[in-house]
Amino acid sequence: MTTLAIYPGSFDPLTYGHLDVISRAVRIYSRVIVALAENSNKTSLFSFEERVLMLREATDGINGVEVDAFKGLVTDFAQKKGTNVLIRGLRMTSDFEYEFQMALTNRRMAESVETVFLMPSEKYSFLSSTLIKEIARLGGDLSSFVPPCVEKRLLERLQK
Ligand code: ADP
């Protein structure tokens, strides 16, 4: 049995929705590694280093949380760390199809790896990093969506 879980993602940028999932995960697992995927083929607004920095700043006060990064298959990373648990967030039914497909693909990559889905508080269930970037571009108030360290960087990046 494992007490460690991996929460992988692209976190471009981290939102209160991600943080909500992280804080739920550490209530179940004594250690949670938030793992930034380095090889995502999505084009990102923030560099890899900026995303790691924001994750570190935002999770600093949460006991049991570490920030790490991986290249390649997340299942290989999980096994290297000695766990078979992956955490993913499920917001609405629209997430389900993609997450279902990915969980089953990961299971094919490594039979022992299980994906555990956590639902955020309903106040974050509509929140996405894409939406946040759009609100930032349009000059909207971001303070209820992202932590201050992310808000600051979004404003610097998008409101020039
Ligand atoms: P990826 O590019 O791997 O989908 P993301 O950083 O967009 O990475 O998301 C990582 C995980 O967090 C995914 O499982 C996603 O569904 C989940 N997630 C994203 N936003 C929220 C939110 N507002 N509430 C709960 N889970 C979320």
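Trainee: In this predicted model, how far is an oxygen atom of the ligand from an N or O atom in the side chain of Arg88?
Mentor: Both atoms in this pair are of the N or O kind, and the cut-off for a polar contact is 3.5 Å. An oxygen atom of the ligand and a side-chain N or O atom of Arg88 are separated by 3.0 Å.

Trainee: How many residues surround the ligand?
Mentor: The closest are Tyr7, Ser10, Phe11, Lys42 and Leu127. Together with the others around the ligand, the count is 17.

Trainee: Which element gives the most to the lining of the largest pocket?
Mentor: The largest pocket holds about 1100 Å³ of space. Its lining has 41 residues, with Gly9, Ser10, Lys42, Arg88 and Tyr98 closest to the centre. Elements giving two or more residues are β1 (4–9), α1 (16–28), β4 (85–89), α4 (93–109) and α5 (129–137). With six residues, the top contributor is α4.

Trainee: How many residues in the lining of the largest pocket are charged?
Mentor: By class, 16 of the lining residues are nonpolar and 17 are polar. The charged residues number eight.

Trainee: Is Ser121 buried or exposed?
Mentor: Ser121 lies in the loop between β5 (114–118) and α5. Beyond four places in sequence, its contacts are Asp20 and Arg24. The relative accessibility of Ser121 is 14%, and the limit is under 20%, so Ser121 counts as buried.

Notes:
Residues are numbered from 1 along each chain as its sequence is written. This is a predicted model: local features need pLDDT of at least 70, side-chain atom pairs count only at pLDDT 80 or more; totals for chains, interfaces and linings use all residues. Side-chain values use heavy atoms; hydrogens and water are left out. On a 1 Å grid over the protein atoms alone, a cavity is a set of points where a 1.4 Å probe fits but cannot get out, and a pocket is an open set with protein on both sides within 12 Å along at least five of seven lines; lining residues have an atom within 4 Å of a point. Grid points are joined across faces, edges and corners, and a volume is the space filled by probe spheres set on the points. Helices (H or I, at least four residues) and strands (E, at least two) are DSSP runs, numbered from the N terminus. Ala, Val, Leu, Ile, Met, Phe, Trp, Tyr, Cys and Pro count as nonpolar, Asp, Glu, Lys and Arg as charged, and the others, Gly among them, as polar. Buried means under 20% relative accessible area, exposed over 50%, partly exposed in between (1.4 Å probe, protein chains only). Contact means heavy atoms within 4.5 Å. A residue is near a molecule or strand if one of its heavy atoms lies within 4 Å of it. A polar contact is a pair of N or O atoms within 3.5 Å; within protein, one must be able to donate a hydrogen and the other to accept it, and residues adjacent in sequence count only if both atoms are side-chain atoms.
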